[in-house]
Amino acid sequence: MRPDLRNKELIRDQGYINGNWVKDAKEFFEVDDPATGEIIAKLPEHDIAVIDSAIDAAYDAFNKYKNVLPRQRATWLRNLYNLMMENAEDLAKIITWENGKSLVDARGEIKYAASYFEWYAEEAPRIYGATIQPGIPNNRVFTTRQPVGVCGIICPWNFPSAMITRKVGAALAAGCTVVVKPDSHTPLSALAMAVLAEQAGFPKGVFNVVLSHHNTPKLGKRLCDHPKVKKITFTGSTGVGKILMDQSSSTLKKCSFELGGNAPFIVFEDADIDLAVDQAIASKFRGLGQTCVCTNRFYVHSSVIDDFTEKLVQKVKEFKIGDGLKDGITHGCLTSTKQADKVTQHTEDAIKNGAEVALKGGPMPELGKNFYSPVVLKNVSQSAMVSKEETFGPLCPIFSFETLEEVVGYANDTELGLASYVFSKNVNTLITVSEAIEAGMVSCNTGLFSDSAVPFGGVKESGFGREGSLYGIEDYTVVKSMIIGNLPDKL
């Protein structure tokens, strides 16, 4: 059922290119509500000619936008932040409608998403250079950071608003223009953002949104190999990231990728178990486990594993799962049956390898095909599939360990390295383990750390580059050195 929005202008069924809403297409694709299966939108399937026009528009706009004073760019970003907050409830409803997460989660996402526009509004005027004395005494070197150019921004379905703002905010602050390709499961949030970007005052061609489902591989490749696009940024799977990186090599684009995760959550014997359980719930079940930084593996010391598991199960039993737009619902549905199938596969494999069932969970067909009750398993074997692969769903596999050295080895036994979590009252343990874990982010004694001020990104096959923080804008700039020679001798 269509959500009741205060601002009905936010629902759009067209692409947005050069300040115009573009619907003309030979083919269309459908978007459904994952909670009900109802078709909620029919959108144009853009082809190569359309994406080329979007790139051309962004390129032409860049040649003017790069010279806009940073303070003016900051004003437009602040306007966009204000507009998102004014329309926060409507934007949250759109997320729940197309993604399936609960309205509680969606409201949190909108606040988080908007914070990046606020953050980069403050960073835009603070892109500094340096003055360097080279080895030649009569020369000087000055550096400046300049916008890299047109940015191709390819986004996933799990955070249909926040994964855009983290990238777009930095790009627009730096003086870049963007072509956004949202996931075909959740394009309505991106289109709503285009409405607000226009109202915020950004010039035509600075913010563009192209749409596709069947043509996605072709459009992605075109963004990667088009010579006018100077940067590709992507959040999604490691496999797709490798494809995009390979396709970008022909034009040596600047790339930043936030890819797969397999986050360990380590609970030592001296940890506050009640705190650890509460934070485990926060870490694991945001979006019903469909987040790149959510815990995938729980490593709990053998002396406290029974206590931790029992308390976790009791908390999970309090969840209210259902249509995310309904009152009182704490957790919505999975976005697709593909996600549900992987949860089932990992659960069955872990049990086959000796795991104990602490909470059965499983599919909830009485609610709909994408609803899934959380599963909690105890004493999972390190040989289980879930120890190596990201589940991206509501499965809690709890592994036992004895020593610090042992658990660090388990935590690092993966090709991925995005987020990780450590719980202990001993600061020596926290620092030792944090420095030893191969991950881009280590969260100690808290399960929620996402913030626009935090450098967000991974190591190993979880990608490279950082989003947010004082570092986030750097990936959208290039350093230019200006050398002045043969100056007179110093007085």
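Start by selecting Asp225 and Lys221: their side chains meet in a salt bridge, 3.0 Å from N to O. (A salt bridge here is a side-chain nitrogen of Lys or Arg within 4 Å of a carboxyl oxygen of Asp or Glu.) You're looking at a predicted model, where local features need pLDDT of at least 70, side-chain atom pairs count only at pLDDT 80 or more, and totals for chains, interfaces and linings use all residues. Residues are numbered from 1 along each chain as its sequence is written, and side-chain values use heavy atoms, leaving out hydrogens and water.

Now show helix α7 (residues 216-225): Asp225 and Lys221 sit four residues apart in it, so about one helical turn separates them. (Helices are DSSP runs of H or I with at least four residues, strands are E runs of at least two, and both are numbered from the N terminus.) Lys221 is partly exposed, at 42% relative accessibility. (Buried is under 20% relative accessible area, exposed is over 50%, and partly exposed is in between, using a 1.4 Å probe and protein chains only.)

Next, pick Lys311 and Asp274, another salt bridge, with the closest N and O atoms 2.9 Å apart. Lys311 belongs to helix α10 (residues 305-316) and Asp274 to helix α9 (residues 273-285), so this pair ties together parts 37 residues apart in sequence. Lys311 is partly exposed at 29%, and Asp274 is partly exposed at 44%.

Last stop: Asp4 and Lys8. Their side chains form a salt bridge at 3.9 Å, N to O, and both residues are exposed. The count of salt bridges comes to 21.
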